[in-house]
Amino acid sequence: MKTIGFIGLGLMGEAMSKNIVAKFDGKVAVYDLNPDAVASLVSAGATAGTSAEEIALTADVIITMVPRSEHVQAVYAQMMPFLRNGQILIDMSTIDPAVSQAVARQVAETGATMLDAPVVKSVPAAIKAELGIYIGGCRESYQRVSHILAMMGCNQIYMGENGSGLVMKVLHNLQVAGIQNTVNEMLVAADHFGIAKADFQQAISYGGASNFYLTSKINSLIAEDYSTAFSLQNMAKDVGIMKTLLDESGLNLPGVGLVKTVYEQGLASGLGGEDFCATYKVVKQQSQH
């Protein structure tokens, strides 16, 4: 493998691709619709790509990290005529598993292979290459690129066939969202009964209810600082994917509907660009009705 292509240089993609540039003994070509994002990576040692088509023509391994299903479909449609036998494409976006599976089938017709490899944790972990990565697709292809994934994350697990990495990612994020919603409700209740947030967090740590969301977000919630590490709109997207999976499978999980309602209200209130812990404001507002 002489060249890695990386398409999608947003908050996560920028940090992830910079780690590859720093660690890969070869050429890293990057592309994004935002020229400033490309320039930032070029200053870090990457080569600027002019289009997704160019990346498809020149790279042995291609990584994509874009926001939504429609963006994955668009990027892969541009690359598809130029893909060739032996290439491995790794989509690290969080999208609808059914869409990913359909794209993977199209890729397979070119002789190339596509893996889904969504990540967990947010920007600080991406910067430190401490992401968790869930892989779906051909096991042999995964084994060929596991060392590249290790440049971006400290934990990776093979989940099975195409789409299974994405299903696991959505399950993970819904558990986070469910824990988060409970924490938000209890913080609102604590405030109502005169218990300070810092005291609440300390008291919780003495028992069995301590959790990463509370310990990692308590200072932000106390300061009412909703600077984005993982946006509310991105978590809302994942909640929506989970609801679609449930509807399609006939599985009924009431808690998912509750969380979806909170995120829909957050989007309607214009909080989509804030950190997902801004749902605290939604829960607080709802409690006053």
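**Aromatic rings**

Before anything else, a reminder to myself: rings of Phe, Tyr and Trp pair if their centres lie within 6.5 Å. By that rule, Tyr 213, Phe 230 and Phe 276 form one aromatic cluster. I'm working with a predicted model here.

I looked up how many aromatic pairs there are, and the structure holds three. I took Tyr 142 with Tyr 158 to start. Their ring centres sit 5.8 Å apart with the planes at 15 degrees, so I call this pair stacked, as that is under the 30 degrees needed. I then checked where the two partners come from: Tyr 142 belongs to helix α7 (residues 139-149) and Tyr 158 to strand β9 (residues 153-160), 16 residues apart. Tyr 142 comes out at 11% relative accessibility, so I log it as buried.

Next I went to Phe 230 and Phe 276. Their rings are 5.9 Å centre to centre with 80 degrees between the planes, and the pair is edge-to-face. Phe 230 is in the loop between α10 (212-223) and α11, while Phe 276 is in the loop between α12 and α13, so this pair ties together parts 46 residues apart in sequence. I noted both Phe 230 and Phe 276 as buried.

**Helix α12**

I moved on to α12, residues 254-268. I get 21 Å from the first C-alpha to the last for its 15 residues, close to the 21 Å expected at 1.5 Å a residue.

Which residues of α12 are buried? I list Val 256, Val 259, Val 262, Tyr 263 and Gly 266. They cover an arc of only 125 degrees around the axis, which puts them on the same side of α12.

Past the end of α12 I found Gly 270, with a positive phi near 80 degrees.

**α8 against α12**

I finished with the packing of α8 on α12: the angle is about 75 degrees and the axes are 10 Å apart. That falls in the 65 to 115 range, so I put α8 down as roughly perpendicular to α12. On the α8 side I have Leu 174, Ala 177, Gly 178, Gln 180 and Asn 181, meeting Val 256, Leu 258, Val 259, Val 262 and Tyr 263 of α12.

Conventions:
Residues are numbered from 1 along each chain as its sequence is written. This is a predicted model: local features need pLDDT of at least 70, side-chain atom pairs count only at pLDDT 80 or more; totals for chains, interfaces and linings use all residues. Side-chain values use heavy atoms; hydrogens and water are left out. Helices (H or I, at least four residues) and strands (E, at least two) are DSSP runs, numbered from the N terminus. The expected span of a helix is 1.5 Å times one less than its number of residues. Buried means under 20% relative accessible area, exposed over 50%, partly exposed in between (1.4 Å probe, protein chains only). The arc is that of the directions from the helix axis to the C-beta atoms. Rings of Phe, Tyr and Trp (its six-membered ring) pair if their centres lie within 6.5 Å; planes under 30 degrees apart count as stacked, over 60 as edge-to-face and the rest as tilted. Axes are lines fitted to C-alpha atoms, for helices over the stretch in contact, and angles run from 0 to 180 degrees between N-to-C directions. Angles under 35 degrees count as roughly parallel, over 145 as roughly antiparallel, 65 to 115 as roughly perpendicular and the rest as oblique. Contact means heavy atoms within 4.5 Å.
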